[in-house]
Amino acid sequence: MKDIFKKETYFYNLPEELIAQTPIEPRDHSRMLVFDRKTEKIEHKHFYDILNYFKSGDVIVVNNTRVIPARLIGNKADTNAKIEVFLLKKYEQNKYEVLLKPAKKAKIGSLIKFSDNLSCTILEKGEMGLGKVEFNVNGIFEEELDKVGLMPLPPYIREKLNDKERYQTIYSKTTGSSAAPTAGLHFTKELLNKLKEKGVIIVNVLLHVGLGTFRPVSADNILEHDMHSEYYEISQESADEINKAISENRRVFAVGTTSVRTLESSNEKLGDKYYVKAGKGNTNIFIYPGYEFKIVKGLITNFHLPESTLIMLVSAFCGLDNTLNFYNEAVKEKYRFFSFGDACLLI
């Protein structure tokens with residue numbers, strides 16, 4: 001019997017050539033593996049076939065966060081040494097938690113220049129390259145960041161991204177993420193409109209994706225993993241729409257693990273059912289096998305890294321053996337993996 005608390009339990013062999021380097025065009029032409037949790041049946045489809053799996057009254061919850069061009073390459077004012085400043089989280093006006101690279105060269109008090117209009121001063125340094133900086137800006141910070149910042153593609157993507165918008169969902173709205181909620185990259189406006197015409201209700205929530213999403217689990221026992229914290233918001237309007245569906249026994253689908261974490265972090269039990277609470281805050285929920293899902297009945301997601309907290313979440317939703325089985329099937333069928341890869345529909 002597999003030990004659900006051992007990191008190595010969540011390993012699968014992935015040939016490097018299956019890691020997608022560029023996005024598929026059009027967005028909804030990526031492949032889609034469909035797994036039915038009741039029948040344990042696997043189907044091989046395309047993302048545009050998703051229409052056939054939804055019915056009127058179903059709710060699809062999307063994360064409308066928008067990725068900031070979080071990678072800044074600058075030079076130290078005194079030595080001209082190259083320093084990368086990667087934005088993680090804003091904590092005050094013009095002040096950010098960041099990753100510094102190389103951390104050794106980035107000293108407290110150093111001034112890093114990115115352009116004539118944008119620079120930062122290093123305020124604090126922590127472990128593993130973490131730090132805090134304050135930006136000095138001549139103009140509007142977001143506009144200057146847009147000019148000089150690079151899209152924070154994951155390290156396994158080595159191809160240059162020609163169009164920045166391809167690392168944004170078409171419904172992205174509120175800036176603040178250091179990585180895209182990639183399950184949503186498959187949707188087109190036309191496909192969303194067709195779902196709405198069918199009576200499917202699209203609901204927005206917000207979770208700003210942090211780099212911790214990609215951070216590998218280093219502890220052999222997953223219970224010793226220090227789960228990252230991410231900011232989320234659920235409006236009263238969104239909570240009402242989701243709760244109406246729950247009270248009427250209609251299905252609630254989450255697009256991506258970020259939407260799952262948002263919904264499952266904000267549940268409350270009323271009578272014999274769990275409902276969503278409107279509000280905002282930070283969540284560090286860690287979902288692994290044994291977790292009982294309170295809100296989410298279906299999941300649209302991508303294929304995730306071996307031994308990651310994300311494959312653990314999927315294993316909690318579908319069962320560990322089932323998950324490893326359809327992942328190995330996807331490898332055999334040469335699906336494209338990770339951020340720009342193909343999709344899973346888990347029903």
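**Entry 1: the barrel**

I began with the closed barrel, where six strands run S5-S6-S7-S10-S9-S8 with antiparallel pairing. For pairing I needed a rule: two strands pair if DSSP finds at least two bridges between them. The labels come from DSSP runs numbered from the N terminus, with helices (H or I) of at least four residues and strands (E) of at least two. This is a predicted model, so I noted its limits: local features need pLDDT of at least 70, side-chain atom pairs count only at pLDDT 80 or more, and totals for chains, interfaces and linings use all residues. Residues are numbered from 1 along each chain as its sequence is written, and side-chain values use heavy atoms, leaving out hydrogens and water.

Tyr 96 stands opposite Val 133 in S10.

Then I found helix H1 (residues 141-148), which lies across S5, S6, S7, S9 and S10 and runs at about 95° to S9. Angles here run from 0 to 180 degrees between N-to-C directions, with axes as lines fitted to C-alpha atoms, for helices over the stretch in contact.

**Entry 2: the open sheet**

Next I traced an open sheet of nine strands, in the order S2-S1-S19-S18-S14-S3-S12-S13-S17, with mixed pairing. Its edge strands are S2 (42-46) and S17 (279-283), and each pairs on one side only. From one strand to the next, the twist averages 25°.

At the S17 end, I saw that strand S13 (residues 230-234) is joined to S17 by five bridges, and the two run antiparallel. Tyr 231 has Asn 282 in S17 as its bridge partner. Helix H5 packs on the sheet, touching S1, S18 and S19, and its direction makes about 150° with that of S18.

**Entry 3: helix H5**

How many residues of H5 (residues 309-318) are buried? I got ten of its ten residues, with buried meaning under 20% relative accessible area for a 1.4 Å probe and protein chains only. Among what covers them are helix H4 (256-265) and helix H6 (320-332). Just after H5, Gly 319 takes a positive phi of about 95°.

Leaving out residues up to four places away in sequence, Leu 346 touches several residues, including Val 314, Phe 317 and Cys 318; a contact means heavy atoms within 4.5 Å.

**Entry 4: cysteines**

I counted zero disulfides, taking one as a pair of cysteine sulfur atoms within 2.5 Å. Cys 318 is buried, with a relative accessible area of 7%, and Cys 120 is buried at 0%.

**Entry 5: Gln 21**

Last, I went to Gln 21, in the segment before S1. Gln 21 counts as buried because its relative accessibility is 18%. Its contacts include Tyr 156, Arg 158 and Phe 340, not counting residues up to four places away in sequence. A polar atom of its side chain lies 2.6 Å from the backbone nitrogen of Arg 158.

Technical notes:
Buried means under 20% relative accessible area, exposed over 50%, partly exposed in between (1.4 Å probe, protein chains only). A polar contact is a pair of N or O atoms within 3.5 Å; within protein, one must be able to donate a hydrogen and the other to accept it, and residues adjacent in sequence count only if both atoms are side-chain atoms.
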